[in-house]
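Dear colleague,

Please find the structure below, followed by my notes on what turned up in it. I would be glad if you read the two side by side.

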Amino acid sequence: MRINRSIRIGVGIAALAIVATACGGGEEARSVSSSAENGNLIVGIKYDQPGLGLRNPDGTFSGFDVEVAKYVAGQLGVSEENIEFKEAPSAQRETLIQNGEVDYVVATYSITDARKEKVGFAGPYFVAGQSLLVGENNTDITGPESLTGGKKLCSVTGSTPAQKVKDTYAQDVQLQEYDTYSACVEALRNGAVDAVTTDDIILAGYAAQYPGELKVVGEPFTTENYGIGLAKDDTEGRNQINDAIEEMISSGAWETAFNETVGASGYELPAKPTVDRY
């Protein structure tokens with residue numbers, strides 16, 4: 001009886017291991033070059049950021065990040081019609097890459113040391129700075145130091161701007177987090193929060209979407225290097241994307257893409273970034 005029981009336990013453990021292997025962990029991280037060679041790419045973008053990454057009512061996509069994503073794909077030999085765009089909310093970007101659900105992410109994705117522990121980055125393809133969005137008639141908030149007296153500040157889950165303000169500028173600010181910046185903007189418009197914080201280029205798009213209602217205030221108080229996220233160990237893919245970014249900048253396509261997307265908001269063309277081949 002003891003021997004038979006041991007056999008049954010061993011078989012059960014083996015069966016559980018097979019099930020765990022089949023069901024757990026998601027897909028493996030993707031290789032950009034392998035996907036490109038197959039003629040298709042899955043790219044993560046934002047769906048709710050005017051001028052950067054926006055899903056339009058007709059199902060098409062527009063914005064500077066979208067143009068960067070398409071240019072990179074073209075340099076990899078993949079035509080626009082063979083790109084599948086997938087929504088990449090801030091809190092899900094690393095997970096999408098690690099689970100192999102996307103080949104790369106172009107979604108106002110700041111390069112940080114903490115994120116580089118989980119994913120790889122090419123770029124930067126743009127350098128932004130953190131700022132504040134408030135109502136057009138607001139005169140109390142002029143910069144992060146003025147977020148005192150228990151003011152409510154909104155940013156998104158999985159991003160760091162609001163906590164940065166609390167840690168560095170205004171300890172008593174009340175932080176509100178939503179899944180998307182568009183939800184923060186709606187909270188600002190209906191008076192549920194006093195300000196929204198993230199990168200100035202993102203805020204400029206929302207201010208342009210609601211002219212006469214919202215405005216960006218203060219000078220940028222951080223430096224945010226936007227990178228293209230991909231699998232951490234995909235060195236070949238990172239080098240190929242870096243080559244594509246450099247080509248986009250040197251050819252003039254980078255400036256054209258900016259002027260045709262973000263430029264409409266009045267956000268001034270910044271200095272061209274230098275790709276960091278770390």
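**Notes on the model**

Helix α8 (residues 200-209) is mostly covered, with 8 of its 10 residues buried, where buried means under 20% relative accessible area with a 1.4 Å probe and protein chains only, and where helices are DSSP runs of H or I of at least four residues, strands are runs of E of at least two, and both are numbered from the N terminus. The buried residues of α8 are D200, I201, I202, L203, A204, G205, Y206 and A207.

This is a predicted model, in which local features need pLDDT of at least 70 and side-chain atom pairs count only at pLDDT 80 or more, while totals for chains, interfaces and linings use all residues. Residues are numbered from 1 along each chain as its sequence is written, and side-chain values use heavy atoms, with hydrogens and water left out.

T197 lies in strand β11 (residues 195-199) and is buried, its relative accessible area being 0%. Once its neighbours within four places in sequence are left aside, T197 is in contact (heavy atoms within 4.5 Å) with Q130, S131, L132, L153, C154, S155, P161, A162, V165, Y181 and F221.

Two backbone details deserve a look. Most residues other than glycine have a negative phi, and most peptide bonds are trans. T108, in strand β6 (residues 104-110), has a positive phi, near 40°, and T108 counts as buried because its relative accessibility is 5%. The peptide bond from G123 to P124 is cis, with omega near 10°, and P124 belongs to strand β7 (residues 120-128).

With best regards

Terms used
Buried < 20%, exposed > 50% of the residue type's maximum accessible area, 1.4 Å probe, protein only.
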